[in-house]
Amino acid sequence: MTGDTAARPQKRGFALSDVWLIFGRRGSLKQLGILGALVVIIAIFQIWTGGTTLAPGNVINIVQAYSFILLLSVGMVMVIIAGHIDLSVGSVAAFVAIVVATAMRDWELPWWGGVLLGIALGAAIGAFQGFWVAYIGVPAFIVTLAGMLIWRGAQQYVGQAQTVAVPAEFRQALYGFMPEVGPPTPYNNLTLLLGALVVAAIVFFQWRSRAKRKKLNAILEPLWVTLTRTGILCAVVIYATLLFGSGRVGTSFPISGIILAVLIIFYAFLTSRTTLGRHIYAVGGNRRAAELSGVHARRTDFFVMMNMSTLAGVAGMLWAARAGAAGPGDGTGWELDAIAGVFIGGAAVAGGIGTVFGSVIGGLVMAVLNNGLQLVGITTDRMQIIKGLVLLVAVGIDVLNKQQGRFSFIGIMLGRLRATRAQQEVEEISPGSQRPDPPGKSGPG
Amino acid sequence: MAEDVNHLLQMVNITKRFPGVTALDSVNLAVREGEIHAICGENGAGKSTLMKVLSGVYPAGSYEGEIVYRGEVQRFGNIAASENAGIVIIHQELALVPELSITENIFLGHELNRLGVIDWDEARRRTAELLQQVDLNEDPDTPVKYLGVGKQQLVEIAKALEKDVQLLILDEPTAALNERDSQHLLRLITGLRDRGVTSIMISHKLGEIEQIADTITIIRDGKTIETLAVDGTIDEDRIIRGMVGRTLGNRFPDRSSRVGEVFFEVRDWTVQHPLDPSRLVAKNAAFTVRRGEIVGFAGLMGAGRTELAMSVFGNQYGTRMSGEAFIDGRPVKLRNVKQAISAGLAYVSEDRKSLGLNLLDPIKRAIVSAKLSRISTGGVIDELQETRHAEEYRRDLRIKAADVEVGVDTLSGGNQQKVVLAKWMFSEPELLILDEPTRGIDVGAKAEIYQIMRRLAESGKGIVLISSELPELIGMADRIYTIFEGEITAELDAADVDQETLMRHMAPTKKGSAA
């Protein structure tokens, strides 16, 4: 073997292929394609609506109106990665919402009591469904199809097909805005503070990751790559901060948006950086191999199903807070929006592939489409046709690319670049090998 | 070969190459009309490949050489073409649809019909006739899933007869059958011969071959070694010599002399088949492994080697009825994989693609997957540590890939196998069970894997090597257990054992009087 592979990249000069490092490692390239699609869709609507799409009021509205779908997408992607599906989320959300609303009305629970009750109820429903999936072995499709009926029926039974209003504190806590504090500025001060904190966090984590790699003498990306990435991320956050902060007085970055952001970060971390997350991918990718590696596949199934219903409960409460009441029609068709978002975000029907980040982007695509088409006055009938076609085309492109062994059109170009680079590296390594046998036909394809 | 003999089939200089491997190298096979022709050879010698060439699974053009059948050169493009010519192959894994009835299975794909409407009465009548011919007393409407393997085999033959078979190819027809069913089947094949059906039979059971074959062709390492006429002078020893008669080069690294104390022991291990509780895949098995020792498990396909190993590795096969395991004299519970791993066991599966790897993983994720606790604290994975460990193994085992981000699905078989080995080495085991670790990989990678095994043994680990390649077992192992039908039939010192002795213990016959 030649010397330390780890040291080499530091000495390499500027290379075009490094540009892609800005957006992360290989695995995240696929999301780049869908992120690009989102930007294009936003741009189209921005022009089509004459600037309304990206107006502060509308952006705040998008976050508030669709946060529950994004939340469901986050839970759903984990279910789908593990190789299952959950059709019951809409019914579970509606059932939890009506129970929480009724409990707060009849038992005079405080708003936080209602929230805790909702979370516990969602978890209990999830445990019930997870038990059937993981330990009885009924396919999740069937269990949640049953759940879809059961919880919808239960919702109508509890609410007696009536609408139940939720208290104002509950609305403010889940759906409201941050207060105006401090010196009068053209912006909402707490939003500015939040933005500043996020920028600081980005800089800190980028710096820390670099420092740690340096300390451990691991492969270090070129400095300009780190700086550019940090710069782009901070610019996006600052733009968003000013956007959300400059709405009409009394509005800010919405609280539901904060709840959503925290949960997205939490679950992105969970799936990508924890052993539990690894187990979910492993079970969905090759269940038997995972079991033979010591993964408790059933426990993993149980967790994803339980987690999904818990999040569905939270989504139901967010919705009730926005609407001011829990009603019989809540949650109808949510499962479809959530599932569509997950698949647009690059998850595989067979399991094992998908990311929280991709699903959020996929969910945003659906949200912006909904919102934009509404703004330009396209009615629900045609909107459904368009959404259906977008789902079909997006997943169709993904499938075609996978058949060719590439992730996306961008991936095709990147793949070439990378293959060239990989080839060079193999050639660098091989001469040092002491074995006389030829390199063979292996290596990256 | 004399020209005047009436040959039904001649395969001339058949060469079949796969990327990196020549599976068949100028193989010749001549089958006379109306005989039973046996093909013998070790696992991987090329028998099945040859039959796949003949039946059109590998279409004309993908191999070199000529197939002359009934005096004409044939170029079969697919199985349907060879079946039209009257050549029917019955695979080891039966190709019946369990939910369908015997009749439906027999006529599947060429249903008797008038304008697309199936004539079930006629089909049933013909089925009853065919079942009589194969001496199977079952209702034609019985779903196939209710039949035992032996009867299913007969349905397969009935199906072949329905296609007006001229040349019947049987791949290990008795492998899954008990003695009585086997004898029934062999009588049936002999009966077919008397009615003019020519058969080619692939079998490991030399006793059966001796019993019914007229001619034997021996294949070794993808080459025809010899063709023998069975005339009373041929016995099992003669066949075995032909099958295994290769000289052992120094393909194997030298043995170490540092074999230590017994540290792993299994006693009285009995396992039921998962679907058929009356079948025991391991019967009171007992074995020991010393530190620094490579212990070989020899046995024919289906003898129960893999089943025993997987059962020991956290009850991953069948139902354990009895059995205890000890590490350093202390009893250990091996109730699930997690317990087995923490007890220091590792099992490298024979089927790396479906049991060993998640093919969606990049190399680094695959390598750490059996022991995430080594790179995580409080359930949070340290990705830097992951990459560093994976890089270490990549370089150490010479996995040919640019870096550890490369997907395992893009690697060659040999490199995938190294990734699986790395995965289990990363789990820091004391005992590694390697199940066919060199199956389907090229010679160069094999040698490297032998080196790795030897190194592991020298570092004091115990290794169980399950292999169908006898030279590999003799070359690598210190001690060899032979297994037959779930029972350990012998324990042999690898230093003074030859392949013929092993074979005899792996397939004991009445006169073999083994163990």
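Which residue takes a positive phi in the hairpin of S11(B) and S12(B)? That residue is Asp221(B), with phi near 50°, in a hairpin that has two residues between the strands. This is a predicted model, in which local features need pLDDT of at least 70 and side-chain atom pairs count only at pLDDT 80 or more, whereas totals for chains, interfaces and linings use all residues. Residues are numbered from 1 along each chain as its sequence is written, while chains are lettered from A and ligands numbered from 1 in the order in which they are written.

Chain A contains 17 helices and two strands. Helices (H or I, at least four residues) and strands (E, at least two) are DSSP runs, numbered from the N terminus. Of its 445 residues, 39% count as buried. A residue is buried if 20 or more other C-beta atoms lie within 10 Å of its own, exposed if 12 or fewer, and partly exposed in between, with C-beta atoms placed from the backbone. Among contacts in chain A between residues at least 6 apart in sequence, 80% join residues at least 24 apart; two residues are in contact if their C-beta atoms, placed from the backbone, lie within 7 Å.

The largest nonpolar core has 246 residues, and Leu72(A), Ala97(A), Val464(B) and Leu465(B) touch the most other members. Helix H3 (residues 56–81) of chain A gives the most to this core, with 16 residues. Such a core is a set of buried Ala, Val, Leu, Ile, Met, Phe, Trp, Tyr and Cys residues joined through C-beta atoms within 7 Å. Leaving aside residues up to four places away in sequence, the residues that Leu465(B) touches include Ile294(B), Phe297(B), Leu434(B) and Met476(B).

**Domains of chain B**

Chain B is divided into domain 1 (7–244), domain 2 (257–344 + 430–509) and domain 3 (356–428), with bounds that come from an automatic or database domain assignment. The C-alpha centres of domain 2 and domain 3 of chain B lie 25 Å apart. Between these two domains of chain B, 10 residues of domain 2 are in contact with 10 residues of domain 3. On the domain 2 side, helix H15 (residues 443–458) of chain B supplies the largest share, four residues. The residues of that side divide into seven nonpolar, one polar and two charged. Here Ala, Val, Leu, Ile, Met, Phe, Trp, Tyr, Cys and Pro count as nonpolar, Asp, Glu, Lys and Arg as charged, and the others, Gly among them, as polar.

**Sheets of chain B**

Six strands of chain B form an open sheet in the order S6-S9-S10-S3-S11-S12, with mixed pairing. Strand S6 (87–90) and S12 of chain B stand at the edges, each with a single partner strand, so one side of each is left without a neighbour in the sheet. The twist averages 20° from one strand to the next. Helix H8 (residues 236–244) of chain B lies across strand S3 (36–40), S11 and S12 of chain B, at about 30° to S11(B).

An open sheet of four strands in chain B has the order S14-S13-S16-S17 and antiparallel pairing. Its edge strands are S14 (280–290) and S17 (330–332) of chain B, each of which pairs on one side only. Neighbouring strands of this sheet are turned by 15° against each other on average, direction ignored. Helix H9 (residues 305–312) of chain B packs on the sheet, touching strand S13 (262–272), S14 and S16 of chain B, and its direction makes about 110° with that of S13(B). Axes are lines fitted to C-alpha atoms, for helices over the stretch in contact, and angles run from 0 to 180 degrees between N-to-C directions.

| Strand pair | Sense | Bridges |
|---|---|---|
| S11 (215–220) and S12 (223–229) of chain B | antiparallel | six bridges |
| S9 (167–171) and S10 (198–202) of chain B | parallel | five bridges |
| S16 (319–327) of chain B and S17(B) | antiparallel | three bridges |

Arg220(B) stands opposite Lys223(B) in S12(B), Asp171(B) opposite Ile202(B) in S10(B), and Phe326(B) opposite Pro331(B) in S17(B).

**Positive phi in loops**

Gln160(A), although not a glycine, has a positive phi of about 50°. Gln160(A) lies in the loop between helix H6 (140–159) and strand S1 (164–165) of chain A, and is exposed, with 10 other C-beta atoms within 10 Å. Glu436(B), also not a glycine, has a positive phi of about 45°. Glu436(B) is found in the loop between strand S21 (431–435) and H15 of chain B, and counts as buried, with 22 C-beta neighbours inside 10 Å.

Notes:
Two strands pair if DSSP finds at least two bridges between them.
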